[in-house]
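User: I'd like to go through the labels on this model and check what stands behind each one. Could you set the values against the cut-offs for me?

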Amino acid sequence: MSTTTVTSAEFDLTPAELAPYIQHTKIDPDATRDEMVAHAQEAVTHGFNAAMVPASWLPVVVAELRGTGVGVASALDFPTVGVMTSAGKAAEAAEIARLGATQLDIGVQVGWLKSGRYDDFREDIAGVVRASGLPVKVMLELPLLTDDEKETAVELAMEAGAAFLKNASSGQIETANPASVRYLVDRARNGVQVKASGSIKTYRQGLELLRAGASLLGTSAGLAIVTDTGDESTVSY
C-alpha cells in the first residue's frame, strides 16, 4: 500500500483523515481469534493503512483482509529486540511472507552495533530483506544509542535495504516525537521513509509526527486517534 508523506507545517488533517497513515496494531499475547478478526474489521471500517499483528495470527487476518486494500503487517525479533539469530530471523521472515504479510517490522542487534560488529549488524537486516522480499521497517531504538551509533545505525540499515526507518520498537523505549522523526527524515535517502512508533495516543500527537515527516504511525490506539478521544490516560504501545 502506498503512503504519502505529510511535511508541511501548514498541512492539516481531520482525525479520521489520519487513518491511512496508521498501522493498527494488536500484539496482546492473550488476544483471541475473535479479537483478531475484530481488529482486522476495524482496519477496514476506518481505512487504516494496515493491521499489524503477530505472525501466529497471519492466516486469520490475511483471510479477513483479502481484497479490502488494507495491508497486513507483522514483526519479528519483537517486542524484545536483538534476541534472535540472523538465520532464525531470515527463516521467520520468509515464512511471514509466505503466510501473506505485505509489510514487515524487525528489531535490530543493538548489542552488536555497540560492539562494533557493523558488518554483522548490516547483514542481520539484509538477510531479512532478501528472505522476505517485503518492505522492511527497521526499529533502530534511538534512545539506546549514542550520537555516533545513531548515525552508524541509520547508514547500515539503509545499506541493508531498509524501506523504512523507525525511531523505536515501542513506548517502553521512546515516546514517538517530532525530533526523532525529523532526525531520521533528514538522513533518509533513496526513497527510504520513516515510521513513528511508541505511545502514540492522540490525534494531535499523530498529526505532529506526520508534519515532522513520518509516513506511517504505528500504534495500538488507532481508534482513539481517528475519533479524537485519546488522551494521556489512553493505553498505547
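User: Why does Asp28 count as partly exposed?

Analyst: Asp28 has 29% relative accessibility, and partly exposed is whatever falls between buried (under 20% relative accessible area) and exposed (over 50%), with a 1.4 Å probe and protein chains only. So 29% lands in the middle class. Bear in mind that this is a predicted model, where local features need pLDDT of at least 70, side-chain atom pairs count only at pLDDT 80 or more, and totals for chains, interfaces and linings use all residues. Residues are numbered from 1 along each chain as its sequence is written, and side-chain values use heavy atoms, leaving out hydrogens and water.

User: What makes Asp28 and Lys26 a salt bridge?

Analyst: Their closest N and O atoms are 3.4 Å apart, and the rule asks for a side-chain nitrogen of Lys or Arg within 4 Å of a carboxyl oxygen of Asp or Glu. So the pair passes. By this rule the count comes to 15 salt bridges.

User: How do you know that Glu95 and Arg98 pair up, and where do they lie?

Analyst: The closest N and O atoms of Glu95 and Arg98 are 2.8 Å apart, giving a salt bridge. Both sit in helix α3 (residues 86–98), 3 residues apart, about one turn of the helix. Helices here are DSSP runs of H or I, at least four residues, while strands are runs of E, at least two, numbered from the N terminus. Glu95 is partly exposed at 30% relative accessibility, while Arg98 is exposed at 60%.

User: Which parts of the chain does the salt bridge between Glu149 and Lys114 link?

Analyst: Glu149 and Lys114 have closest N and O atoms 2.7 Å apart. This links distant parts of the chain, with Glu149 in helix α6 and Lys114 in helix α4 (residues 110–114), 35 residues apart. Glu149 counts as buried because its relative accessibility is 14%, whereas Lys114, at 41%, is partly exposed. There's also a network: salt bridges that share partners join Asp105, Lys137, Lys166 and Lys195.

User: Why does Glu141 have no salt bridge?

Analyst: Glu141 is buried, and the nearest side chain of opposite charge, Lys166, is 7.9 Å away. Here Lys and Arg count as positive and Asp and Glu as negative, with His and the chain ends not counted. Glu141 lies in the loop between β5 (136–139) and α6 (147–159), and its side chain reaches the backbone nitrogen of Ser169 at 2.7 Å. Its contacts (heavy atoms within 4.5 Å) include Val81, Val110 and Ile173.

User: What makes β7 and β8 a pair?

Analyst: Two strands pair if DSSP finds at least two bridges between them, and 3 bridges join β7 to β8 (residues 216–219), so they qualify; the strands run parallel. Leu217 in β8 is the bridge partner of Ala196. The chain crosses from β7 through helix α8 (residues 203–211) to β8, and this β-α-β crossover is right-handed: with the strands pointing away from the viewer, the path from the first strand over the helix to the second runs clockwise.

How values were computed:
Polar contact = N/O pair within 3.5 Å; in protein donor to acceptor, adjacent residues only side chain to side chain. Lists of a residue's contacts leave out its neighbours within four places in sequence.
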